Amino acid sequence: MQYPVIIENLCHAYKDFPVYDSLSMRFEKGKIYGVLGKNGVGKTTLIKILMGFLRPVSGKCSVLGEPSHALSAQTRNKIALLFERHLAYEFFTIEQAEKYTSQFYSNWNKDIFYDLVNRLRLPYSHKIAYMSEGQRSQVVLGLLLAQQAELLILDDYSMGLDAGYRSLFIDYLQEYLKENNATVILTSHVVQNMESFVDDILFLEKGGKTAHYALPEFMRTFHCYTVGHQYQTFQDAANAVQKIIKRHEIKNIEIHGNYLEIYSFLPKAAVCEVIGNLSLDMAGFMEVPMSLEDAFIGYTGRY
Amino acid sequence: MKNAVRGIFYKEWIKLRFFYAFLFLFNFLFVLWINLDIYTLFRLDHGEIVWYRLIGLKQMPYQALIFLPMISGFVFAFWQFLPEMREERLRLALHLPYNNVLLVYCHLFSGIFLLFVLFLFDVLFFCGMLSHRLPFEYCQTAFLTVALWFIAGINGYLICSVILIEPQKYMRIYYLMVFSALLIPLYSFRQLGQTVELLPVYMGMAVVLLICAVLSIYHYRLRSVQA
């Protein structure tokens, strides 16, 4: 199957509050997708729909060929889910968690689980309730990977993890994906780690707008420019930049004390032309390099 | 299917075993206390008076036992399903590659099984002690009377479980009102053997509650609006 996940004209709303109007997207087999967006744009809603715990108001969300809210047992066998906060049964010990989960999955690989868990250097009789969030994340990841699923959906995998555990989580996931042609869809509030292993990114914006990019292409074509401004008040600057954002292909302008950050897919010369009418110090106009996190903030805006 | 049953029973046992041991001890002490109360009755009163009260007036000096299964059922359901509902952990079980109805029934039947063993112990312990002092015919009627209380305890467990699983608030209130109303008659009878005819009603109620559990899981799994 070339597209394990297909979303077509997906609409969802909470009472009178629309989340998506007409969301369409195809997720290719073997790729890693990062779903990005500010709080409240519907990332968790999308993940819940994909996981089959929320039925969309209308439209289609097909996961491995079946509607996501009506997955058969055979299809669930091929999907591994990571719930927010690395949800696990805390009354289990490491050994009990493995023994329990292994009974349900036909492709279960005990070695994958213990290979990961052994790195924690904890006795197998250690209870999950007494683990740190980072240690628990490793156990949960072990339980997911041992299923040898075709599709992994990871809801905010980084929540509660420090930099070390985030990096460990990603390293092991990458190692696993080298040998398994699985598709991964993930969300995270920590964008910086995604840069090294995500193939494609999907931006969700308020009102149901979406944009899909291959990560290298996005990082190559999306730019940040800085330029000094001479506006007396923040409001004056805001009024001026609003007109530009509306008229041109400027994605976002962040106003700082005495300079602006301009985010756009336009090249430097084109942006220079667009902002020529503003009261700006064009001598200092320059492009600045960005990390994915900078680009994410620039793309979605700080507020 | 065997794996699913074994897996869920294993999980529930790990989760509940310490609480179950505590509940077992509590039930044992409670029934022991009831039996000591009956023993005291025989010791302080003349045999004819006790006979008149038990047989003639059909009084039940062990009436307090009526609350034990219901309280045990409620508390057991909370202990079993609150960890599942906290942070929606039930999703972990419902994503397992087996039929959701089978998975939820495995949870419920593991609870019913453990409660059944506990209640069976209570009833046999109680009736066994009673048979030392009273004739077989009396013990038989007493057995049927207390058996109903214990079946109602299983119903209490099911009501509580269904209410905990059900995501829709109005359905929770509906279940609470309807099933609580059905339990009230049990507590309004005060005489031996009076409630025996309710036995099939409460057994039927358990079946209805098992069907309601499927409905609740359907609501939980396929809700279109976040609860």
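**Reading the strands, a helix and the contact**

Guide: In this predicted model, strand β7(A), helix α6 (residues 163-179) of chain A and strand β8(A) form a right-handed β-α-β unit.

Visitor: In which sense do β7(A) and β8(A) run, and how many bridges join them?

Guide: Strands of a sheet pair through backbone hydrogen bonds, and the sense is either parallel or antiparallel. Here β7(A) and β8 (residues 183-187) of chain A run parallel, joined by four bridges. In β8(A), the residue opposite A:Leu152 is A:Val184. β7(A) also pairs with strand β6 (residues 79-82) of chain A, again in the parallel sense and over four bridges. There A:Ile153 is the bridge partner of A:Leu81.

Visitor: Which way do the residues of β7(A) point, and are they buried or exposed?

Guide: In strand β7 (residues 151-154) of chain A, A:Leu151 and A:Ile153 point one way, while A:Leu152 and A:Leu154 point the other way. All of them are buried.

Visitor: Where is there antiparallel pairing, and what is the strand order?

Guide: Chain A has an open sheet of four strands, ordered β2-β1-β4-β5, with antiparallel pairing. Its edge strands are β2 (17-27) and β5 (66-67), each of which pairs on one side only. β5(A) is joined to strand β4 (residues 58-63) of chain A by two bridges, and A:Glu66 in β5(A) stands opposite A:Val63.

Visitor: What does helix α1 of chain A lie across?

Guide: Helix α1 (residues 43-51) lies across β1 (5-14), β2 and β4 of chain A, at about 125° to β1(A).

Visitor: How should I read the buried residues of helix α3 of chain A?

Guide: An α-helix has 3.6 residues a turn, so residues three or four places apart point the same way. In α3 (residues 94-102) of chain A, the buried residues are A:Ile94, A:Gln96, A:Ala97, A:Glu98, A:Tyr100 and A:Thr101. Their cover includes α4 (110-118) and α5 (133-145) of chain A, together with α1 (2-44) of chain B.

Visitor: How many residues of each chain take part in the contact, and how much area is buried?

Guide: Chain A contributes 29 residues and chain B 34 residues. Between them the chains bury about 3,300 Å², with 59% of it on carbon and sulfur atoms. A:Phe53, A:Arg76 and A:Phe104 supply 23% of the area that chain A buries against chain B, more than any other three residues.

Visitor: How many salt bridges are there between chain A and chain B?

Guide: The count is two. One of the pairs is B:Arg89 with A:Glu90, whose side chains meet at 3.4 Å, N to O.

How values were computed. Residues are numbered from 1 along each chain as its sequence is written. Chains are lettered from A and ligands numbered from 1 in the order in which they are written. This is a predicted model: local features need pLDDT of at least 70, side-chain atom pairs count only at pLDDT 80 or more; totals for chains, interfaces and linings use all residues. Side-chain values use heavy atoms; hydrogens and water are left out. Buried means under 20% relative accessible area, exposed over 50%, partly exposed in between (1.4 Å probe, protein chains only). Contact means heavy atoms within 4.5 Å. Two strands pair if DSSP finds at least two bridges between them. A crossover is right-handed if, with the strands pointing away from the viewer, the path from the first strand over the helix to the second runs clockwise. Axes are lines fitted to C-alpha atoms, for helices over the stretch in contact, and angles run from 0 to 180 degrees between N-to-C directions. Buried area is the accessible area (1.4 Å probe) that two parts lose on being put together, summed over both. A salt bridge is a side-chain nitrogen of Lys or Arg within 4 Å of a carboxyl oxygen of Asp or Glu.
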